[in-house]
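Reader: I would like to learn how to read a model of this kind with care, one feature at a time. Could you take me through it?

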2 protein chains.
Amino acid sequence: MAKVSEHVLLQFAPLIYVAWADGELTRDEITRIHDQLERVKSAGAETAAVAARWLNPDRPPSASDLQELLKLMRKAAKARSRKNGSRASLLKLGRELAGQKDAEELPSELAALAEVERALALDGTDALHAILGRDEPAGVEQRVTFSSIELNRFLDGERAATRRQLFEIMRNPAFQIDPRLSTPAYRERVLAAVHLLADQGIGATAFPPELGGNGAVARSITAFETLAFGDLSVLVKYGVHFGLFCGSIYQLGTTFHHEEFLPAVMRLELPGCFAMTESGHGSNVREIETTATYDPVSQEFVIHTPRPEARKDYIGNAAQHGRMATVFAQLRIGDEEHGVHAFLVPIRNEKLEALPGVMLEDCGEKTGLHGVDNGRIRFDHVRIPRTNLLNRFADVSEDGTYSSVIANPGRRFFTMLGTLVAGRISIGCASVSVSKTALTIALRYTAQRRQFGPSAAAEVPVLSYLTMQRSLLPHLALTIALDAALEQLVQRFAAGADLREVETDAAGLKAFASTHNLNTLQAAREACGGAGFMQVMRVGQLRADADIFTTFEGANPVLLQLVAKALLGGLREQFGEMRFIGFARYLGARASTAVAELNPLITRKSDPEHLRDPEFHTSALRYREHRLLTTAARRMKSRIDHGTDSFDALNEVQDHVVALAQAHVERSIIEAFDRKLAQCGDPTLLAVLRPLRALAGLHLLERDRAWFLEAGYFEPAKAKALREEVNRLCQELAPHAVSIVDSFGIPDFLA
Amino acid sequence: MAKVSEHVLLQFAPLIYVAWADGELTRDEITRIHDQLERVKSAGAETAAVAARWLNPDRPPSASDLQELLKLMRKAAKARSRKNGSRASLLKLGRELAGQKDAEELPSELAALAEVERALALDGTDALHAILGRDEPAGVEQRVTFSSIELNRFLDGERAATRRQLFEIMRNPAFQIDPRLSTPAYRERVLAAVHLLADQGIGATAFPPELGGNGAVARSITAFETLAFGDLSVLVKYGVHFGLFCGSIYQLGTTFHHEEFLPAVMRLELPGCFAMTESGHGSNVREIETTATYDPVSQEFVIHTPRPEARKDYIGNAAQHGRMATVFAQLRIGDEEHGVHAFLVPIRNEKLEALPGVMLEDCGEKTGLHGVDNGRIRFDHVRIPRTNLLNRFADVSEDGTYSSVIANPGRRFFTMLGTLVAGRISIGCASVSVSKTALTIALRYTAQRRQFGPSAAAEVPVLSYLTMQRSLLPHLALTIALDAALEQLVQRFAAGADLREVETDAAGLKAFASTHNLNTLQAAREACGGAGFMQVMRVGQLRADADIFTTFEGANPVLLQLVAKALLGGLREQFGEMRFIGFARYLGARASTAVAELNPLITRKSDPEHLRDPEFHTSALRYREHRLLTTAARRMKSRIDHGTDSFDALNEVQDHVVALAQAHVERSIIEAFDRKLAQCGDPTLLAVLRPLRALAGLHLLERDRAWFLEAGYFEPAKAKALREEVNRLCQELAPHAVSIVDSFGIPDFLA
């Protein structure tokens with residue numbers, strides 16, 4: 001066999017290398033190249049030798065042969081300053097590397113080979129990169145274009161001081177709890193942490209100074225929201241005692257209860273429960289069955305569980321630590337039924353033994369929140385003093401005369417429940433905190449974790465991949481939007497805004513935020529791969545604990561229907577009622593509203609500037625809400641007019657009214673983001689906040705684009721353009737992801 | 001005040017009752033009724049007395065007053081056999097109850113009052129129901145129209161015997177493990193259960209009789225699938241040892257390894273690990289960094305961990321029980337690199353102490369699968385005999401000569417990995433089992449759990465609600481479809497079908513099934529409300545454990561991209577490679593395929609018969625797959641032709657290719673369901689299987705209807721009709737839900 005000179009070998013080296021290196025060519029394909037190379041007549045013995053030596057399908061070159069070839073080519077490329085440029089034939093490249101002057105022109109005898117090369121698609125940029133390396137780095141690297149501290153200051157706003165205070169407390173090792181502790185040990189650790197919060201006066205924040213608090217409702221919710229960056233069992237145990245138990249005494253009780261019970265309760269000397277839910281009745285609170293019968297002789301209420309399904313169930317603090325409970329029961333005086341009222345019922349003595357007539361049971365192991373002692377309570381004719389009725393809205397005199405400041409029983413019931421709206425707001429806020437933690441963990445991880453990459457180049461951060469960006473960045477944008485919406489709701493609530501509107505928004509935002517949070521946690525876990533399954537990464541544990549947020553303080557599907565009903569009734573109805581007698585009078589007004597004509601220019605417009613325009617998003621979201629409202633009202637009204645009862649009518653269009661509620665919440669979230677943005681004057685922050693706002697809005701439109709297409713609001717081409725714009729926004733934001741999550745300000749000991 | 005006769009009272013009783021009973025009317029509205037009633041001139045003193053007594057906004061009737069009124073009306077209705085019929089004015093009803101002959105005609109003096117009644121929408125069916133009760137029961141009650149035993153026989157098919165065998169074994173208390181046990185105790189319990197399976201010969205099922213097995217590959221996967229109804233730590237520990245470790249020795253080794261190691265391995269006397277993943281490389285296996293360097297002097301391989309990130313990580317059995325590991329490492333002989341090969345490396349002695357040079361570490365607590373001991377392994381120049389190379393596909397002679405039956409290194413690598421496809425199939429099957437458990441629990445619960453209901457009627461099962469049906473029943477239909485698809489894949493795999501196709505389907509179905517499973521578990525948990533959070537309900541624990549199914553045996557987004565690449569390459573390419581050199585030659589062929597013209601009749605057709613037609617679903621799903629394939633090929637090809645390298649080109653259209661893979665999997669699932677259905681001859685079963693099949697197909701079309709709208713394949717009206725048809729199918733299937741899940745045949749001790 002003829003000896004092959006380096007010069008000749010170099011001419012064919014790129015083709016040979018690519019043919020073998022990546023193992024993509026079949027035996028047949030290599031034979032084709034080989035045959036063509038042998039046929040190159042004028043090439044002479046050397047070329048034939050190259051074919052025999054390097055393109056013999058039965059004797060492929062070894063890995064080290066190929067390495068040598070690669071070194072040879074790179075050396076030649078360096079000597080001739082051949083830069084990795086545009087797509088080129090491998091044969092041309094070879095001739096260029098070999099120093100052929102006419103490198104740009106292939107001699108005709110090589111044409112057939114060039115044809116093969118092209119047919120096998122060996123002549124692409126990949127091949128050049130494989131040989132010469134890639135000039136520009138691939139993948140997304142993180143950049144710093146703004147101050148995370150400034151963005152944190154802007155996002156947290158008035159919450160900053162409370163955040164700092166709580167994080168300082170949470171730094172205490174008492175708050176670092178291993179969730180795989182045995183349940184008894186975990187519960188004790190959690191109780192100790194809540195005691196620490198009580199000792200620091202955190203639990204009293206919301207209550208007026210005369211009761212030993214700070215009268216700072218907003219700060220109190222911020223404290224809760226900040227606790228949600230830590231162990232969620234601590235959060236929930238704290239919430240049960242201070243938010244629900246303490247809150248119910250304050251909201252539903254009067255001076256007597258405040259003076260008699262609150263001091264010990266606020267110091268956690270008298271740990272308590274909020275006993276509303278029964279085994280048989282969760283969402284449908286109005287039908288609970290526990291009875292409170294007044295006995296005028298002894299001037300006592302007799303609290304009783306009439307049947308097993310009427311036991312109080314899933315009650316936090318009931319299994320172990322609670323000593324008193326706010327018990328919701330049907331008030332009976334003689335023959336009269338007065339509906340659901342709240343009573344303070346002692347359940348355990350100081351030694352934590354159950355009191356006579358009180359049967360306490362542990363709910364047993366749960367699938368999350370292992371540090372919270374949920375239990376069941378049954379009452380066997382337990383007697384409590386008349387004064388233990390929490391009598392802010394209704395009272396029973398010594399002789400058994402019932403009186404109420406609210407004549408209508410339905411209205412009274414919902415007024416009572418309405419005072420507890422802070423709980424729902426708080427769960428929404430806590431959900432946002434958990435999402436922030438999940439995103440902080442996942443985006444830091446995916447920005448540094450590298451996997452795969454272009455040929456002959458380093459692996460790239462997995463956040464470089466479009467599907468990864470799409471799985472995390474819209475959640476990031478929505479989390480920030482939600483945070484703004486809840487921040488503003490808390491401000492309105494603290495400022496005493498119309499309670500009906502606050503209740504509607506609280507229900508909608510709680511439902512949205514808790515579902516959004518689970519989606520975010522799942523995306524975060526999967527983004528972190530196997531590492532995400534490790535407890536130290538926290539994501540899986542947070543998911544297990546936060547799972548129940550979609551259920552407690554109101555199951556999400558029920559809450560969304562309440563929102564829809566409030567909208568259908570124009571917010572004139574009392575909130576929280578799922579019955580509909582007389583409701584049709586509101587539907588009429590809604591049903592007769594005209595749906596705006598569509599502007600064909602808008603339905604087609606798809607330039608990037610328009611697609612990112614906040615005004616386009618809010619118009620679209622408003623249109624959807626308005627149209628869903630009008631059409632839902634029409635569909636329900638037409639059924640009711642034809643004699644269907646409202647229960648069946650609602651159920652037949654239930655998917656429609658839930659879509660309406662969802663549309664309402666989403667519109668309000670995006671508008672809240674806009675209000676927040678209007679307060680920002682720092683151009684470096686706006687440079688990242690504007691695309692985040694655009695992504696939040698476009699993501700919501702994209703997610704429900706089927707609806708907009710069905711409604712004719714988007715032409716198909718616009719829907720496609722919208723998807724592409726979401727891709728572009730993701731690519732644009734990816735390099736800033738770590739700076740953005742840094743701005744959530746979560747201390748290192750928590751994420 | 002005049003005394004009111006029962007006769008007069010009855011006339012106004014319906015109006016009075018509705019005005020007060022449900023608390024929906026405002027004070028102003030009651031005043032309006034009151035004023036009108038007082039104005040009724042001809043009615044005289046008695047009517048005025050009624051108004052004063054019963055419609056005084058300042059003195060509302062008590063609850064017992066209203067009860068009396070209701071009793072009075074119901075008695076009168078009974079006496080006059082007044083049936084609850086269509087919508088009627090309350091005044092007319094009252095006159096009818098009072099026995100007025102001209103009940104259908106209201107005297108003119110009552111016209112104004114009737115006007116008020118209508119304006120306040122008090123005259124609806126709800127009001128009638130509130131007073132007279134509702135004739136037909138509301139809500140969905142379960143019916144039995146077919147034999148669950150027969151449906152079980154049909155669905156399980158050839159799997160029945162293995163199911164029975166495994167369930168019999170799993171009845172043993174050793175398999176009932178409390179997941180809140182401490183981690184060490186849990187791990188021991190799980191090990192004991194796996195020992196029990198080994199003792200029963202279950203682990204050997206797949207291996208040939210000469211090695212002590214049954215040679216029954218399909219039965220082996222069915223055994224695994226059945227174990228997935230139980231504790232998932234047992235499943236995974238069993239899978240790591242028998243599927244991965246034992247399987248790798250069998251598939252990658254030769255007679256020597258089979259004879260030397262398999263007997264002890266199959267008896268679980270030599271527990272093992274499958275050490276592929278490293279901290280630095282999960283999905284990108286080809287770049288793992290552990291080295292195996294051949295030393296011809298001692299005729300040993302030296303296994304070494306060159307840097308911390310090259311440690312083996314998340315390895316099941318490595319933290320505690322594994323004594324040997326199949327270690328994947330880069331084979332080096334002298335200067336030559338031969339790529340990834342598998343080696344048997346002892347890691348612990350009989351006392352379970354780490355062997356010299358082997359550093360073992362516990363990964364620590366995870367967020368699920370607490371009974372599996374995942375660990376890390378580092379090697380410090382650990383020497384193993386030359387014969388410990390698993391040498392089915394490549395060998396190293398005593399003098400260090402490398403030889404392989406597969407010349408091409410890339411092909412060799414993927415052939416090796418391909419032998420492990422059973423693991424992916426098994427995880428798909430296990431996901432379906434978990435979904436079945438979740439649906440069994442959730443549908444039984446929601447069929448009996450009652451909450452809310454129409455006015456004056458019993459509460460209805462929560463499965464009566466459309467949103468509840470929609471959250472569970474499409475998952476039920478898809479689970480059955482997936483089960484058929486995996487059953488058929490297992491049969492093809494066991495029958496030795498083309499491995500490339502099996503690998504593609506396994507990757508797609510594993511990704512789809514594991515994601516579907518998490519969605520199903522979440523829907524099931526939320527459907528069960530607070531009860532779903534209790535460990536005894538299993539759903540939450542299954543979710544925590546099954547979470548990682550989306551990641552292990554291949555992260556789902558990576559798997560879907562591999563499916564897409566296989567499709568773009570027309571399945572001609574070796575499976576599993578994410579690099580693309582030379583790939584463009586396939587894209588050309590794909591890109592030039594014409595996309596079929598749309599038939600305007602089909603895009604508009606929306607009658608129920610058409611919408612349920614299986615042929616419509618498969619046509620639509622095939623069209624989507626074909627079009628996504630063609631357009632993805634075009635978009636990638638155009639980028640590559642313009643000099644983008646394939647890495648960037650793929651990443652720019654990554655959402656598109658993932659959608660393509662998803663479309664392929666969905667089409668194949670629905671076709672598998674059709675093939676299964678074709679085997680059913682029992683009309684009572686077909687009566688429920690056909691709507692299930694329709695729901696599975698329509699649900700997939702509905703879920704991605706945005707795509708079909710964008711593509712012009714659906715007109716907006718059709719997309720809306722499709723949603724309505726999904727609603728109807730849900731309503732139709734809901735009464736059979738419990739019978740259907742009964743047919744999964746899960747024993748009572750498991751669900």
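Predicted model: local features only at pLDDT ≥ 70, side-chain atom pairs only at ≥ 80, totals over all residues.

Reader: How does the radius of gyration of chain A stand against that of a compact globule?

Author: The radius of gyration is taken over C-alpha atoms, and the globule rule is 2.2 Å times the number of residues to the power 0.38. For 751 residues a compact globule would be near 27 Å, whereas chain A has 34 Å. The C-alpha atoms of chain A fill a box of roughly 120 × 60 × 50 Å along the principal axes.

Reader: Which domains does the assignment give for chain A?

Author: Domain bounds come from an automatic or database domain assignment, and for chain A this gives domain 1 (6-132), domain 2 (182-201 + 231-419) and domain 3 (422-742). The centres of domain 1 and domain 3 of chain A, taken over C-alpha atoms, are separated by 55 Å.

Reader: What is the strand order in the open sheet of chain A?

Author: Strands of a sheet pair through backbone hydrogen bonds, either parallel or antiparallel. Strands here are DSSP runs (E, at least two residues), as helices are (H or I, at least four), numbered from the N terminus, and two strands pair if DSSP finds at least two bridges between them. In chain A the 3 strands have the order β4-β8-β7, with antiparallel pairing. Because β4 (312-316) and β7 (358-362) of chain A each have a single partner strand, they stand at the edges, with one side left without a neighbour in the sheet. β7(A) pairs with β8(A) (residues 374-379) over 5 bridges, and A:L360 stands opposite A:I377 in β8(A).

Reader: How many residues of chain B are in contact with chain A?

Author: Contact means that the C-beta atoms of two residues, placed from the backbone, lie within 7 Å; by that rule, 102 residues of chain B are in contact with 102 residues of chain A. Helix α7 (residues 125-132) of chain B gives the most to the side that touches chain A, with 5 residues.

Notes. Residues numbered from 1 in each chain as written. Chains lettered and ligands numbered in written order.
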